[in-house]
Amino acid sequence: EFGNYDNFEVIQQQYDPQAQYVILFSALEIYNEKLLDLLDGKSKDLKLVEESGEMVVKGVQEMEVKTLDEALQLLRNARSRIQTGQTLCNADSSRSHSVFTISLCKCEGTTGIAQILAKLTVCDLAGSERANRTQNSGTRLKEASNINQSLVVLGRCLEVLRWNQTHSP
């Protein structure tokens with residue numbers, strides 16, 4: 001269960017003084033139905049795939065951070081790459097959703113990451129837009145349509161999750 005002291009007990013139980021622990025940071029944006037890496041700085045389209053029963057974004061860059069300042073600098077750099085544009089309602093409107101993930105990983109030897117102990121994902125969602133209020137056209141109208149459609153899909157996903165929590169299998 002998230003948000004209680006049991007999580008800290010689990011981490012203490014899993015602590016191994018022989019292992020190395022790293023914190024990884026990644027950032028991506030969902031713009032016009034494409035996944036883009038905000039750390040990479042290039043506009044290559046990433047793919048969402050299933051691996052071992054888990055959905056992962058293939059090719060997203062994960063960077064190790066050793067200090068809070070390093071993490072905050074990566075976050076600032078990533079946020080500076082987010083697609084924005086002017087609309088009638090907002091001079092600097094976010095045109096995409098962004099996803100920031102911090103993972104605490106346990107490494108063993110030189111073989112790489114052996115286990116992800118904890119993962120925190122924060123999503124910054126673009127707001128819905130009404131075409132008659134923003135008077136968007138062309139590219140801005142397409143962006144608004146994609147934003148609104150993705151928010152509808154997200155709403156459906158949340159409803160399914162809520163329903164699954166309240167109904168036994």
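## Order of elements

From the N terminus on, the protein chain runs α-β-β-β-β-β-α-β-β-β-β-α-α. That order holds four helices and nine strands. The structure is a predicted model.

## The chain as a whole

The protein chain has 169 residues, and 27% of them count as buried. Its accessible surface comes to about 11,900 Å². Carbon and sulfur atoms contribute 52% of that surface.

Contacts can also be sorted by how far apart the two residues lie along the sequence. Among contacts in the protein chain with a separation of 6 or more, 53% are between residues 24 or more positions apart.

Strand E3 covers residues 45–51 and strand E4 covers residues 54–58. The two strands run antiparallel and are joined by five bridges. Glu51 stands opposite Glu54, which belongs to E4.

Together E3 and E4 form a hairpin, with two residues between the strands. Ser52 lies in the turn and has a positive phi of about 55°.

## Helix H4

Helix H4 spans residues 139–166, a run of 28 residues. The distance from its first C-alpha to its last is 41 Å, close to the 40 Å expected at 1.5 Å a residue.

Which residues of H4 are buried? They are Glu143, Ala144, Asn146 and Ile147.

Methods:
Residues are numbered from 1 along each chain as its sequence is written. This is a predicted model: local features need pLDDT of at least 70, side-chain atom pairs count only at pLDDT 80 or more; totals for chains, interfaces and linings use all residues. Side-chain values use heavy atoms; hydrogens and water are left out. Two strands pair if DSSP finds at least two bridges between them. Buried means under 20% relative accessible area, exposed over 50%, partly exposed in between (1.4 Å probe, protein chains only). Contact means heavy atoms within 4.5 Å. Accessible areas come from the Shrake-Rupley method with a 1.4 Å probe; for residues, only the protein chains shown count as cover. The expected span of a helix is 1.5 Å times one less than its number of residues.
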